[in-house]
Amino acid sequence: MSESLEQVTHIESVRLGEDGKSVVIIDQTQLPNRLEYLTLRTREEMFDAIKLLKVRGAPAIGICAGYCIYALAARYGVSEPDKFLTRFRADKDFLNASRPTAVNLSWALGRMEQVLLAHISEPIPAILDLLRAECIAIHREDIAMCRAISEYGLSLLHDGDGILTHCNAGPLATSRYGTGQGPLFLGKEKGYTFRVFADETRPLLQGARLTSYELQRAGVDVTLICDNMASIVMKNGWIDACLVGCDRVAANGDAANKIGTSGVAILAKHYDIPFYVLGPTSTIDMACPDGDHIPIELRDPEEIKTKFYAQPMALPEVKCYDPSFDVTDHSLITAIITEKGICRPPFTDSLAALFR
Ligand code: MRU
């Protein structure tokens, strides 16, 4: 493994603070210009870090949420279980409201709550030990899941393939290799040469700021394109497969991911290019029947009008529509790749089989 590849894949975008009562994150909004770490101590700081995408990417949000709720609980200083539970639930609900689409947020918080409920009759120090072990387990499991997803994803690709990616689903958004971009880092490690086209991914440019940054530093051949260039690179015959992450997959296979993903999938169908969605089973929401039931987060119009520009690029009074995600219809997806295996249509059956 080249030194730079290891540096990229082993970056820790989220970890528990040394004091066990704070969470340390990489501020992803500052990349690629500055690698800055932030220490989150209050629930307001944690809420803002998730809402403002300082920490982002569905798995990283889940890992962060686990550490956050533990760090907050470690500060309660109460000895009565009912008071502990009341405060825990209030903090859980507060954090859970920070971003609605990525199901990993509520999944991780729910997992932490289950541990608390199962041991509520034990002394608070013992409960805290168990909560600490659980959030560390969520993080460790993510490392293993990303590796498995990357292996399965790589098994569908060939050396020399041209790959289109959208948004960022690499090490910063997850643990180690990533999900949507995991096969590219694992492939690099195994000596594959891919030609990657990274959509810049408007409006927040995670593709430009994070994906091209990670791939370039890892020594992968990456070309940055604007989102509206996906069609021409496909038409040119430069793309053999599309790889994307996901924020919530419904039981029928409809998959929410960063805004613009569904357009890439429609183009891929037109040009007969396989379209793969990669994510852990924690991102599959079997309680959600289809994409119409996935809440879509709306964001600040200034992300479109002024952010990243030296001068405003639209009149202040112009109306903007700034959804963060869209849903790719299951009929456009070739396969959904999880740590438990590759699911093919009909997804209602293949996804349900993962949970049996
Ligand atoms: O709004 P973001 O940047 O959190 O959106 C991220 C994505 O859409 C990713 O592709 C998804 O979370 C998967 S990250 C492994």
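**A close look at the strands and their surroundings**

Guide: Strand β7 (residues 241–244) runs parallel to strand β10 (residues 275–278), and 3 bridges join the two. Within this pair, Val244 has Val277 of β10 as its bridge partner. The model is a predicted one, in which local features need pLDDT of at least 70 and side-chain atom pairs count only at pLDDT 80 or more, while totals for chains, interfaces and linings use all residues. Residues are numbered from 1 along each chain as its sequence is written, and side-chain values use heavy atoms, with hydrogens and water left out.

Some terms are needed here. Strands (E, at least two residues) and helices (H or I, at least four) are DSSP runs numbered from the N terminus. Two strands pair if DSSP finds at least two bridges between them.

The pair β7 and β10 belongs to an open sheet of 7 strands with mixed pairing, in the order β6-β5-β4-β7-β10-β13-β14. Its edge strands, each pairing on one side only, are β6 (221–225) and β14 (341–343). On average, and ignoring direction, neighbouring strands of this sheet are turned by 25° against each other. Helix α8 (residues 206–217) packs on the sheet, where it touches β4 (162–165), β5 (195–199) and β6, and its direction makes about 165° with that of β6. Helix α10 (residues 261–270) also packs on the sheet, touching β4, β5, β7 and β10, at about 145° to the direction of β10. Such angles run from 0 to 180 degrees between N-to-C directions, with axes fitted to C-alpha atoms, for helices over the stretch in contact. Contact means heavy atoms within 4.5 Å.

Ser212 counts as buried because its relative accessibility is 15%; buried means under 20% relative accessible area, exposed over 50%, and partly exposed in between (1.4 Å probe, protein chains only). Apart from neighbours within four places in sequence, Ser212 is in contact with Gly207, Val222 and Leu224. Its side chain also reaches the backbone oxygen of Ala208 at 2.6 Å.

We turn next to another group of strands. Strand β8 (residues 248–250) and strand β9 (residues 255–258) run antiparallel and are joined by 2 bridges. Here Arg248 stands opposite Ala256 of β9. The two strands form a hairpin with 4 residues between them, and Gly253 in the turn has a positive phi of about 100°. Strand β9 also pairs with strand β12 (residues 325–328), in the antiparallel sense, over 4 bridges. In that pairing, Ala255 has Thr328 of β12 as its partner.

Finally, there is the ligand. Of the 19 residues around the ligand, those that come nearest are Arg56, Arg99, Gln206, Asp247 and Asn257; a residue is near if one of its heavy atoms lies within 4 Å. A polar side-chain atom of Arg99 is 2.7 Å from an oxygen atom of the ligand. For Asp247, an N or O atom of the side chain lies 2.7 Å from a ligand oxygen. The side chain of Lys258 has an N or O atom 2.8 Å from an oxygen atom of the ligand.

Definitions and conventions
Polar contact = N/O pair within 3.5 Å; in protein donor to acceptor, adjacent residues only side chain to side chain.
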